[in-house]
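The following paragraphs give an account of selected features of the structure shown here. Please read them alongside the sequence and the coordinates.

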Amino acid sequence: MRKLSYGLAINEGFHQSMERDERVFVLGQGVLNPWYVGETARGLDTKYAPSGRVIDPPVSENGMNGVVIGAALAGMRPITIHPRLDFLLMGFEQVVNEASNWSYVFGGQQACPVVIRGIINRGGEQGAQHSQAIHAMFNHVPGLKVVMPATPYDAKGLLCAAVEDDNPVIYIDDRWLYSEEGNVPTEYYKTPLGKANTLKTGTDVTIVAVSYMVKLAQEASMVLAQQGINVEIVDPRTISPLDEDHIFSSVRKTGHVVVCDSGWYTGGVAGDIAARIVEKAFHALKAPILRVTLPDCPAPSATSEEKAYYPTAQHIVDKVMQVLGRQRVPQHAVTSVGQ
């Protein structure tokens, strides 16, 4: 199987979805400019823009969401792109009050097959208004499916599955993953929505990691292996609906849990996953669940402050050692592996 980057895997998902179904079109700010969306939309302009299936609209998030939701209700399968997840909030009302409710309000007789893609742009001195990982807000709303691919394979597979789904899907990718490479089939395929994946099996502790945190969890696992600790890494892939049974199965095997999310601590996805484990798999726990998240603070702009703000593999290693009641691994041992 050939290797492909995360960004180009998304790009291939776009191309193959549009080739298969003429009802699929793209409405995205900056979709014709790599500065906004990287390589994820490469070639779409020359192939589909002349026929009107790729549109770079004026800055009008609420209007964009209204157009694609209306088009979905009329039988199309649109994808809209918000190159910074922060600005999707400008069209939040359309998503929460309209897209999420149509199927329920009409007793399942009216589908709303729209994909709303938002990109997390953390770091790079972009500051508090261009760096926010606000996926927990969408996770809160019934009627929305929320996917967060962590690997190139899922970046393509989840996009293809989202396009074919009859309900609104929020597709959130992280720009920090765009250069990551992995195995991606050439042919069209779908990663099932609502199904978690075990990326590494282990016996000592379960790390449930979301999106970019999967990469850090994999780096941390190499450090922990040197300490004789065998971790299991579970990637939910879809945070709504959450594949609880898959997570609980791992927890019952290891008894120790660290949940890692790239959002904030309070009211975040990590807290939701931890609460579900306590509620439904409490007797399997051998120690309290620990979390690795952003601090409850806006993102800084200075590079030096960003280094202190964003979690690293060191944070995950520290939490795993804490949950197991072991001594902290020195930082030089962590930075020498996988970073």
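Helix H13 is followed by Gly325, whose phi is positive, near 70°; helices (H or I, at least four residues) and strands (E, at least two) are DSSP runs, numbered from the N terminus. The model is a predicted one, in which local features need pLDDT of at least 70 and side-chain atom pairs count only at pLDDT 80 or more, while totals for chains, interfaces and linings use all residues. Residues are numbered from 1 along each chain as its sequence is written, and side-chain values use heavy atoms, with hydrogens and water left out.

Within H13, the residues Ala313, Gln314, Ile316, Val317, Val320, Met321 and Val323 are buried (under 20% relative accessible area, with a 1.4 Å probe and protein chains only). An α-helix has 3.6 residues a turn, so residues three or four places apart point the same way.

The axes of H9 (residues 212-226) and H13 (residues 313-323) come within 8 Å and cross at roughly 60°; axes are lines fitted to C-alpha atoms, for helices over the stretch in contact, and angles run from 0 to 180 degrees between N-to-C directions. To this contact H9 contributes Met213, Leu216, Ala217, Glu219, Ala220, Val223 and Leu224, and H13 contributes Ala313, Ile316, Val317, Val320 and Met321, contact meaning heavy atoms within 4.5 Å.

Turning to the strands, an open sheet of 5 strands with mixed pairing has the order E9-E11-E10-E13-E14; two strands pair if DSSP finds at least two bridges between them. Strands E9 (197-200) and E14 (290-294) stand at the edges, each with a single partner strand, so one side of each lacks a neighbour in the sheet. The twist averages 25° from one strand to the next. E10 (residues 205-209) and E11 (residues 231-235) pair in the parallel sense over 4 bridges.

Conventions
Buried < 20%, exposed > 50% of the residue type's maximum accessible area, 1.4 Å probe, protein only.
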